[in-house]
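Have the viewer open and follow along.

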Amino acid sequence: MTVTAVPITTRKDWSTDQEVRWCPGCGDYSILAALQSLLPDLGVRRENTVFVSGIGCASRFPYYMNTYGLHTIHGRAPAIATGLATSRPDLDVWVICGDGDALSIGGNHLIHALRRNVNVNILMFNNQIYGLTKGQYSPTSEPGKITKSTPFGSLDHPFNPVSLAIGAEASFVARTHDMDRAHMQETFRRAHEHHGASFVEVYQNCNVFNDGIFSTITAKENRASMLIPLTDGEQIRFGENREFGVTQLGDGQLKVVEVASVDEQSILIHDSHVDNPALAFALSHLATGVTMPTPIGVFRDVVRPEYGDQMNAQLSDAQAKRGAGDLATLFRTLPSWEIE
Amino acid sequence: MSVEMTTEKIDRVVVRFAGDSGDGMQLTGDRFTSISAALGNDLATFPDYPAEIRAPAGTLAGVSAFQVHISDHEISTHGDAPNVLVAMNPAGLKANIDVMEPGTMVIVNADSFEERDLTKAGYAANPLNDGSLSAFSVFEVPMTSITTEVCKEAGVKPRDAERSKNFFALGLVSWLFIRPTEPTITWIAERFGAKPQVAEANTRAFRAGYDFGETAELFHQRYEVTAAPFASGEYVNITGNTATSWGLIAASQQAGLPLFLGSYPITPASDILHELSKRKEFGVRTFQAEDEIAGVGAAIGAAFGGSLAVTTTSGPGMDLKAEAIGLAVSMELPLVIIDVQRAGPSTGLPTKVEQADLLSSLYGRHGESPVPVLAPKTPGECFAAAIEACRIALTYRTPVILLTDAYLANGTEPWLVPAVEDLPKIDIDFATEPNGTSPAGEPTFFPYLRNQETNARPWAVPGTPGLEHRLGGLEKADGRGTVSYDGENHELMTNLRAKKVAGIKSIYGDTFVDDATGDATIAVLGWGSTYGAINAGVQRIREAGRKAAQIHVESLNPLPEKLGDILRGYTTVLIPELNQGQFIKLIREKYLIDAQGLNKMKGVPFQAAEIEAFILQHLGENQ
């Protein structure tokens with residue numbers, strides 16, 4: 001095969017002619033736009049790109065991407081993508097899922113794809129609600145949530161998706177939100193660059209069933225004081241004038257402080273490449289809900305052997321040692337006898 | 001004074017080794033089988049072991065047995081009942097003695113009939129002394145003590161030596177049936193080479209067992225079973241699971257596609273995963289998934305990427321995979337699902353055979369979800385059936401269910417090693433060019449534009465420029481393959497999917513009929529692993545001078561084209577099944593034939609005698 005340069009494309013090349021059928025005003029539109037306009041810059045080919053999804057509003061995503069795509073069954077996208085990515089290491093595989101798809105019915109597949117470090121980019125659109133089934137609480141909904149299925153308030157303690165991913169040994173974990181295209185694109189770009197499983201939680205507004213759930217932190221006027229940007233090599237600070245910072249207490253816990261009230265040197269410098277996940281985990285737990293200042297950006301980005309690479313190395317090692325498989329030899333691995 | 005030793009030539013014998021699950025009975029039986037195979041006997045085996053790895057020692061629950069039938073002529077079953085039972089302990093005796101015919105031989109390890117052993121097995125009195133075995137020819141052999149004694153000289157501790165007593169039993173039975181000693185001694189050296197003391201103990205125990213037969217003057221007769229007339233060629237003794245695994249590898253080679261197995265360990269299917277995981281030089285990717293759903297899911301992903309994708313499981317796993325199989329039906333991707341059936345429902349009898357997943361394979365998914373279903377009839381035939389399942393999946397872009405079962409999976413038979421050049425070719429035609437025109441007038445790819453002959457849709461794999469497309473579980477527009485909620489289209493697609501599967505042409509498209517004289521009025525119809533027992537039952541009827549035909553089906557969906565006409569040619573159709581009557585429902589429904597069923601759900605295969613009795617019950621006086 002001749003190697004040709006990756007064709008120059010625009011967002012239009014990555015869009016299908018299918019009518020996008022999310023509710024008007026849905027946060028999914030801005031995520032779709034962010035990704036469609038990012039892909040031309042990533043130096044990848046449409047034919048080598050596959051979007052795999054499960055079931056839910058977010059999972060309609062592949063239909064709108066002019067690439068190869070699979071819209072599969074509820075919760076199973078990480079498993080299906082695992083088979084594809086390990087057998088076709090040449091492909092760029094993205095998994096699109098929602099909080100119900102990834103954390104409820106598909107929780108098992110998510111954690112195993114992460115621990116195996118399969119080379120897929122998992123974008124989880126978190127709107128803290130079930131949209132496609134018309135408004136039941138999800139595994140990320142806040143406790144006490146009143147929904148159609150919980151008229152007296154939900155009893156479930158929610159998952160913190162970033163904590164969960166770090167706990168599942170993920171090598172890349174990030175968070176972004178649907179109100180900031182530049183931040184989304186930068187986060188997706190880094191997820192794509194990461195070799196192994198990348199998990200990105202995208203705070204996404206469901207304007208029909210959970211409208212404004214993130215506006216306390218993502219609305220333009222609130223961002224400076226409520227979002228804590230994580231930038232490698234920089235102090236973890238936020239606020240209109242970067243007047244707040246994150247520091248570590250003697251017992252290891254993190255605390256938001258006024259920078260003026262402490263030794264400035266005690267403000268943590270972010271490093272997503274630290275192998276030990278403790279600090280990343282502590283950062284993910286800094287906020288226990290969208291009413292508190294919440295870190296966004298890349299929490300963790302470490303190098304760990306990728307699953308498909310290792311699987312394929314075992315194949316080439318075996319072939320190097322034993323030669324390419326030969327059926328006649330295989331059939332004689334059991335003791336044979338000859339009948340005249 | 002020595003007793004004269006005689007040799008009797010017999011045409012067949014069934015030997016059953018029974019002991020505790022830790023006694024190495026499977027290994028012993030397997031070795032005896034291998035030696036007999038090398039001598040040219042025809043044979044069939046039946047490993048029968050408990051679900052627990054180490055059930056309480058000495059109890060009935062912990063009995064592990066291996067039955068082998070060897071003969072000088074063609075046989076099709078492991079034998080109804082043993083002619084020789086080797087019982088390593090009272091539990092092994094108690095669990096098997098009831099099926100033994102009077103006059104048959106029982107060899108017991110006399111050392112293990114202490115009061116404690118008897119109590120654990122539930123014997124109130126010692127059966128060796130209370131006359132309860134008077135109908136049998138009983139040989140009491142102190143296997144443990146002799147083994148310990150001969151090993152002591154080699155410096156092996158008594159506790160370790162005791163574990164070699166199965167080789168003593170093997171040696172004794174090898175002597176009894178005039179089997180050569182060298183193959184076993186060579187095998188022990190190879191197998192236990194890394195542990196010289198174990199190899200030494202096993203060799204000594206084996207020799208001691210052989211010599212015991214020769215010198216102890218307990219046995220006065222040896223038996224000889226000579227070679228069976230086989231077609232010339234090279235043979236191996238193969239289990240259904242190994243044959244299935246090799247069939248998958250062969251299909252992958254013949255199709256030129258890498259094999260991908262997504263699987264979750266489950267009895268009795270795990271050995272396919274084990275076998276395939278060893279064969280990496282063939283480019284076989286084995287993925288031990290987090291669960292059954294991920295196993296089939298990963299396979300579907302690999303199929304989309306252009307692999308020959310397979311998932312293996314047993315009944316409980318089939319239930320979990322149902323939704324994903326439906327997805328493969330909708331996406332029309334090639335996928336082979338292997339269900340090694342075991343007794344259910346739920347966990348059921350995990351190590352025991354049953355044929356009760358037929359209807360769930362055919363109908364066990366929501367919506368109209370047609371899937372071809374194949375069922376091989378013998379362990380060796382799993383090879384060809386696996387290749388055919390792959391060929392159908394790849395040719396017709398459909399999931400295919402291959403139904404084997406615990407009996408086929410673990411049972412063995414001599415298998416004629418095929419010449420590689422004789423294996424069926426599998427042609428793969430990936431789509432490489434657009435096949436349609438978009439509304440804007442540009443060349444585009446229609447993923448559901450069907451092949452006129454096979455009704456298969458084109459298979460375009462990622463990496464192919466210009467053929468980017470999206471598949472999914474939502475209904476697709478005929479041809480173009482975009483999402484369609486149109487009712488007319490859904491009905492059309494439902495019918496197209498059904499038509500595609502109904503029109504599959506396979507090597508199992510012709511009905512297997514064995515009607516020796518062509519004028520039998522009664523036919524015994526079977527599917528899957530009951531073939532052997534039905535065959536043996538029908539032979540018995542014929543040997544008695546009466547007539548019966550055997551008809552066997554290996555493609556359960558679609559059924560062989562002329563099956564109905566053939567069945568209507570018989571006055572009586574009998575259907576034995578290891579279930580409550582699943583195939584019979586299909587036959588009655590499809591052909592309106594008032595077939596009669598024989599049903600068994602005891603976790604063991606049919607015996608030839610049961611089939612014979614069933615036929616006799618329905619054979620008229622004059623037939």
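Is Arg242(A) buried, partly exposed or exposed? Keep in mind that we're looking at a predicted model. Arg242(A) has a relative accessibility of 37%, so it counts as partly exposed, since that class runs between the 20% and 50% cut-offs. Its backbone is worth a glance too: phi of Arg242(A) is near 50°, a positive value, and the residue isn't a glycine.

To find Arg242(A), look in the loop between E10 and E11 of chain A. Those two strands pair in the antiparallel sense over two bridges, with E11 of chain A covering residues 244-248. Across that pairing, Phe238(A) stands opposite Phe244(A) in E11(A). Zoom out a bit and you'll see an open sheet of three strands in chain A, ordered E10-E11-E12 and paired antiparallel. Its edge strands are E10 (237-238) and E12 (254-258) of chain A, each pairing on one side only.

Now hop over to chain B. Ser346(B) is another non-glycine residue with a positive phi, about 50°, and its loop runs between strand E13 (335-341) and helix H13 (358-363) of chain B. With 61% relative accessibility, Ser346(B) counts as exposed.

Most residues other than glycine have a negative phi, and most peptide bonds are trans. The bond from Thr267(B) to Pro268(B) is cis, with omega near 0°; Pro268(B) sits in the loop between strand E10 (259-263) and helix H10 (270-277) of chain B. The bond from Asn557(B) to Pro558(B) is cis as well, with omega near -5°, and Pro558(B) is in the loop between strand E23 (555-557) and helix H18 (563-568) of chain B.

Technical notes: Residues numbered from 1 in each chain as written. Chains lettered and ligands numbered in written order. Predicted model: local features only at pLDDT ≥ 70, side-chain atom pairs only at ≥ 80, totals over all residues. Heavy atoms only, no water. Pairing = 2+ DSSP bridges. Helix = DSSP H or I, 4+ residues; strand = E, 2+ residues; numbered from the N terminus. Buried < 20%, exposed > 50% of the residue type's maximum accessible area, 1.4 Å probe, protein only.
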